[in-house]
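Here is a short report on one protein model.

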Amino acid sequence: MKRNNLILLADAYKYSHHKLYYPGTTKVYSYLESRGGKFDNTVFYGLQYFIKEYLEGKAFTQEDLDQAEPFLKQVFGRDDVFDKSKFQYILDKYDGKLPVKIKAVPEGTAVPTQNVLMTIENTDPECFWLTNFLETLLMQIWYPTTVATLSREVKKVVTQYFEETAAEGAEAGIEFVLNDFGFRGVSSVESAGLGGSAHLINFQGSDTLAGSVLAQQYYNTSEVYGKSIPATEHSICTLLGKDGELDVFKHVLNTFPTGLVACVSDSYNIFKACEEYWGENLKAQVLDREGVLVIRPDSGDPVMTLLSVFNILFDKFGYTVNEKGYKVLPPQVRVIQGDGVNYDAIKDMYRALKANGISAENLVLGMGGALLQKVDRDTQKFALKCSYAQVNGKDVVVQKSPTEMDAEGNITGSFKKSKGGRLKLIRVDETYETVLEHDFPKLKDEMVTIFENGKLIQEWTFEALRDKAKININEKQLVG
């Protein structure tokens, strides 16, 4: 059986919904939003991938349907749940093209939470059940959107500290400050592609090749956005044992006598490696290189280790003080922190560097599982909910408004309260606001039609996404 058979890409309980919607239902209209979470905005990304990969054109075949029918009968152990005729209707009338319409904000757009990001509705009254049948698949947009958001929030932090402590012109290097080390730590190759490409909306440093591949394949670019450099790992640096570490370091410099090269240096003693091997034995060779040696600590407390490493390197290699009053290593030496790196740790590291008179331009970062894997749907509290329907010819505003009990036993409202009615997203005072479709008729809906009846209507290039996601001056946050 085909793994990506669209007919089987839904939660099992949804196959009963064609019967459970109230008789006379002909329209179901639902919307996607981030209801809040760690960050106060989300960068919408990933819809084009899901449409091209799963929905565009003939979304399923007769063979898919014929294989799904006996499978689903076994799932439920009964014959009155899955109704083959519902999908047969789409095959016979539309040749397997899905009669739904999807609108969404342009990908790469940063939208404050609690706003509509996407809507979906059926275009054939016989297929009212199809709208929320597709929820399971489309909800997975939470993942690339959350990674894109997290990566962009890190970029805000980095940008702030570069502005406060780095030399004029150094901001050109921000694109390569946060490097994606997450390929081995994600749950699947598809996750690596989605999460890796989401990061590339904001930065270009990446070892996750799948991200660049996905961007090329699904977002109309010939550019390989993920860039990397030669770098060692512990299997290389420990190959000759503790007494051979210096020889390995020499070999690294001899192998790449020019350009960027990174070398993990904590296999035995990061402080000795910086002080004796790099700072004495190999100092002249490092400073004579036409390129940059990037020294990588990979264990210990990130803040304390970095401060010690920088103090040793300043002592051994010297430093200049830039126009903002912060120390900068010679251009042939930099440091990359790739262990224990997450959003909060990044703020701690840069805060500590600033407090100790060290420019942000001395440091780059590698972020693995915390970038691509340590996120979930609740990081930004994503939900896809029905807000409007037509039942027996009447328009119905659909809305949930649950009550909750707090720790003291008081009945309160819930953040899970959903929106009601047909929605649009408007720009007001340089931000976004969700309103009813017919409110503010002079203001356009920032959501555009992306997909309709099997066709991809609006397509984005990866360059357009990167441009949309740029941080503007009003967004720069104070991180302390």
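In strand β13, Val 391 is the bridge partner of Thr 25. Strands β1 (residues 25–34) and β13 (residues 382–391) run antiparallel and are joined by 9 bridges. Strands pair if DSSP finds at least two bridges between them.

This is a predicted model: local features need pLDDT of at least 70, side-chain atom pairs count only at pLDDT 80 or more, and totals for chains, interfaces and linings use all residues. Residues are numbered from 1 along each chain as its sequence is written, and side-chain values use heavy atoms, without hydrogens and water.

Both strands belong to an open sheet of 7 strands, ordered β14-β13-β1-β5-β3-β19-β20, with antiparallel pairing. β14 (394–397) and β20 (455–456) are at the edges with a single partner strand each, so one side of each has no neighbour in the sheet.

Axes are lines fitted to C-alpha atoms, for helices over the stretch in contact, and angles run from 0 to 180 degrees between N-to-C directions. Contact means heavy atoms within 4.5 Å.

| Helix | Partner | Angle |
|---|---|---|
| α2 (residues 47–55) | β19 (448–452) | about 15° |
| α7 (residues 142–165) | α15 (residues 343–355) | roughly 5° |

The axes of α7 and α15 come within 10 Å. These two helices are therefore roughly parallel (angles under 35 degrees).

Thr 379 lies in the loop between α16 (369–372) and β13. The Thr 379 side chain reaches the backbone nitrogen of Asp 376 at 2.9 Å.

Terms used. Helix = DSSP H or I, 4+ residues; strand = E, 2+ residues; numbered from the N terminus. Parallel < 35°, antiparallel > 145°, perpendicular 65-115°, else oblique. Polar contact = N/O pair within 3.5 Å; in protein donor to acceptor, adjacent residues only side chain to side chain.
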